[in-house]
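User: I have a protein model open and would like to go through it with you. Can we take it piece by piece?

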Amino acid sequence: MNVLHLRAGVISWKTIFAAIGMIRQMGIFGGALLPDLKLPMIATRDVGDYAAKRLLDLDFSAKQTRELLGERDCRWRKLPR
């Protein structure tokens, strides 16, 4: 069986949406990471585009893993819009 595992970096906006309750109730976005720590964030759209291309091309064999990173590392304090 041919399998391609996609491992995405941090999904930036999805993570923030999951914390909407905390942001509304407490006025903060809390977490275990420092706000200035740079992380390899990627958009869900970019992950989906990459997956669709690879499925259409069927250019993988056996078991492979692909790390997906955004165009640059971002800080929580200054996310791209």
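User: Is Asp59 buried, partly exposed or exposed?
Analyst: Asp59 counts as partly exposed, at 42% relative accessibility. Buried means under 20% relative accessible area, exposed means over 50%, and partly exposed is in between, with a 1.4 Å probe and protein chains only.

User: Before we go on, what kind of model is this?
Analyst: This is a predicted model, where local features need pLDDT of at least 70 and side-chain atom pairs count only at pLDDT 80 or more, while totals for chains, interfaces and linings use all residues. Residues are numbered from 1 along each chain as its sequence is written, and side-chain values use heavy atoms, leaving out hydrogens and water.

User: Back to Asp59. Which side chain does it meet in a salt bridge?
Analyst: Asp59 meets the side chain of Arg54, at 2.7 Å from N to O. A salt bridge here is a side-chain nitrogen of Lys or Arg within 4 Å of a carboxyl oxygen of Asp or Glu.

User: And Arg54, buried or exposed?
Analyst: Arg54 counts as buried, at 12% relative accessibility. Arg54 sits in helix 3. Helices are DSSP runs of H or I with at least four residues, strands are runs of E with at least two, and both are numbered from the N terminus.

User: What else is Arg54 in contact with?
Analyst: Leaving aside neighbours within four places in sequence, Arg54 is in contact with Leu4, Asp59, Phe60 and Gln64. Contact means heavy atoms within 4.5 Å.

User: Where do Asp57 and Lys53 sit relative to each other?
Analyst: They are 4 residues apart in helix 3, so about one helical turn separates them. Asp57 is partly exposed at 40% relative accessibility, and Lys53 is partly exposed at 47%.

User: What about Glu71 and Arg72?
Analyst: Their side chains meet in a salt bridge at 3.0 Å, N to O. Glu71 counts as exposed, at 76% relative accessibility, whereas Arg72 is partly exposed at 43%.

User: New topic. Which residues form a nonpolar patch on the surface?
Analyst: Leu33, Leu34 and Leu37 do, with about 300 Å² of accessible area together. Patches are made of residues with over 30% relative accessible area and no salt bridge; like charges are joined within 9 Å, and nonpolar side chains (Val, Leu, Ile, Met, Phe, Trp, Tyr) within 5 Å. Accessible areas come from the Shrake-Rupley method with a 1.4 Å probe, and for residues only the protein chains shown count as cover.

User: Where is Leu33?
Analyst: Leu33 is in the loop between helix 2 (20-26) and strand 3 (41-42). Leu33 is partly exposed, with a relative accessible area of 45%.

User: Now the whole chain. How many helices and strands?
Analyst: The protein chain has 3 helices and 4 strands, running β-β-α-α-β-α-β from the N terminus.

User: How much of it is buried?
Analyst: Buried residues make up 20% of the 81 residues. The chain exposes about 6,400 Å², and carbon and sulfur atoms supply 55% of that.
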